Amino acid sequence: MLRTRSTASSSSGSSGARVASPRRPLSSRRRREVRDAYLFLAPGFLLFALTILYPIVRAFQISLFHWAIVPGAASAFVGLANYAHALHDPVFWRALGNTGFYMAITVPTQMALGLAAAVLLDARMPARGLYRTLYYLPVVTSWVVVSLVFRYLFITDGGLVNWVLHDNLHLISYDVNWLGARWTAMIVLGILGTWKGIGWSMVIFLAALQGVPRVLHEAAAVDGARAWARFRAVSLPAIRPVVAFVTVILVIGGFNVFISVFLVTNGGPFDQTQVLLTYMYREAFSFLDFGYGSAISFILTLIVFALALVQLRLFRRPAGSA
Amino acid sequence: MVVGNHRRRRALLGVRMLLLTAGVVVMLVPFVYMLATSFKPNTMVLEIPLQFFPRHPTAANYVQAWTSNQFGRFFLNSLIVAVATTTAAVLLSAMMAFAFARFRFPGRGLLFGLVLIALMVPTMMMLIPQFLLARHLLLLNSLWGLIVFYTGGNLALNTFLLRSFFQDIPVELEEAMVVDGASSWTRFWRLILPLSRPGLATAGIFTFLASWDEFTWALTIINDPGKYTLPIAIALFQGQHATSWGLVFAASAIAIAPVLILFAIFQRQFVAGIASGAVKA
């Protein structure tokens, strides 16, 4: 009724010829429906177009200019020069490498640990809701707060981590300057990202596992399959689309890492821990090179889209699921 | 199922709970340590040997954070921005979602496609053009600049979420109202919205959280300390008082308290929101 069945004329808008056509005139009811739809859509969509769609298009345009910061001043069109600059900029490459490294350690750990927690929680047991809540706590806590907490935990002299590893467990023979070198700092950032994200993937995996029909498990158990075999043969194939979804989202999230790096190391020491977005932010808002900043963020967007497409294709190939 | 392995089951449950508890400890240590630090007198914060819990706990950091640093002001700014954003974003996205879910009109596929594309584009990519736009609209350094862009930024996800909620409402109910001569607005306001309370709650909570915690945009457009929201106030505060960790964490605890309270109350909506978005997709 509301989604009218008149198909042929429905897409013709207000064209007078169509209305007059003998086949099927636009009823006043249909016209009112279209008008109402636009009225409901207009306020939100106009704001959306202004604050989101227009900036997306504009970002590419800005990246083609040597952007003049002063309002009204003319900016010089430089074509792809900002992109060429990136290709010859060692800090850009290091930031790209760090971003990739961060993604490479946070995605598998969040997947594996989130799935493990979900499997453990997918059973009748006491305090299940409480466990789930506590795992989820870091997810709802602001990035700013957890970043500052981790910075404090990994302080060289008097930080909790060195205190535990050095003074208590004697696993290390000196206080490590975690945030003072590239790879140790990136590992700290990876631990932070994993710790904050496990609860998210766990909730999604848990919901998916609960959707797996019990009958399948029982049938497999009757056939003598042990827990691990049942997990591989029954649960894993059933939640495959969800695994794909979580992977795609985590990869995108990993490439978008910003606040934690900004607040924990701010790209330092000496640009050793820059990631693409901290580097972009500094180029744009400290050095006011908007053209170069836009080029960096546009490259990031292209990488994210390419990765998402590749993954969706990879996950789609084996038939049978979804 | 298989009988006679009752004992084995109990042992398995024990292992399960042991592993989960170990995980929970890891999840909680940073929080507990943050709270413990916030109750330490400032001179003791980086003392060696380290004490996990304060020997002489004091609320001085909380008093100082709240009184001497305009924290009430920042808290109020955050609240104004988050409430205004949530109200505007949920209302506007519900209207858009209603149009997408219940009407046929030229351009529907295209416009909805644009909404979906916006969900995939990294928000940071828009930062520079949004900054230039906000400057052009004289929205720099004002809470309006936060509200307008937070609202715009939350529309796509909420529209997507609410559209699927609205589609699950049986059309027959609306048809009855149409027969009675009800306008589209009446149907939206009297039928769709009341029937979608769980969906609206989920959308509202996520929008509130997103704007309460937002950091980057606020950092970029706000300079005047009177306009700070909590996230940038805390981050900049830590920058200025590099060693006053007790004070920083007292402020942080104040900032995350409302979120944790909301989370405790609306846990079901949280989990349902996360899970449904994924499992349905």
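The model is predicted, so local features need pLDDT of at least 70 and side-chain atom pairs count only at pLDDT 80 or more, whereas totals for chains, interfaces and linings use all residues. Residues are numbered from 1 along each chain as its sequence is written, with chains lettered from A and ligands numbered from 1 in the order in which they are written. B:Pro170 sits in the loop between helix H6 (143-167) and helix H7 (171-179) of chain B; helices are DSSP runs of H or I with at least four residues, numbered from the N terminus. Its C-alpha atom is separated by 35 Å from that of B:Val81, 89 residues apart along the chain.

Of its 17 residues, 12 are buried, so H9(B) is largely enclosed by the rest of the structure. Among these buried residues are B:Phe206, B:Phe208 and B:Trp212. The end C-alpha atoms of H9(B) are 24 Å apart, in agreement with the 24 Å that its 17 residues should span at 1.5 Å a residue (the expected span is 1.5 Å times one less than the number of residues).

Helix H1 (residues 6-38) of chain B has 33 residues and reaches 47 Å between its first and last C-alpha, close to the expected 48 Å. A kink of about 40° lies at B:Leu28, shortly before B:Pro30; the bend is the angle between axes fitted to the seven residues ending at a position and the seven starting there. B:Pro30 is itself one of the buried residues of H1(B), which also include B:Met27 and B:Met34. The cover over these buried residues includes helices H4 (90-121), H5 (128-140) and H6 (143-153) of chain A, together with H2 (60-68) and H12 (245-265) of chain B.

The two chains also meet across a contact that takes 83 residues from chain A and 79 residues from chain B (residues are in contact if their C-beta atoms, placed from the backbone, lie within 7 Å). On the chain A side, helix H2 (residues 28-62) gives the largest share, 21 residues. Leaving aside neighbours within four places in sequence, B:Met96 is in contact with A:Phe40, A:Leu41, A:Gly44 and A:Phe45, as well as B:Leu155 and B:Thr159.

Methods: Helix = DSSP H or I, 4+ residues; strand = E, 2+ residues; numbered from the N terminus. Buried ≥ 20, exposed ≤ 12 C-beta atoms within 10 Å, placed from the backbone.
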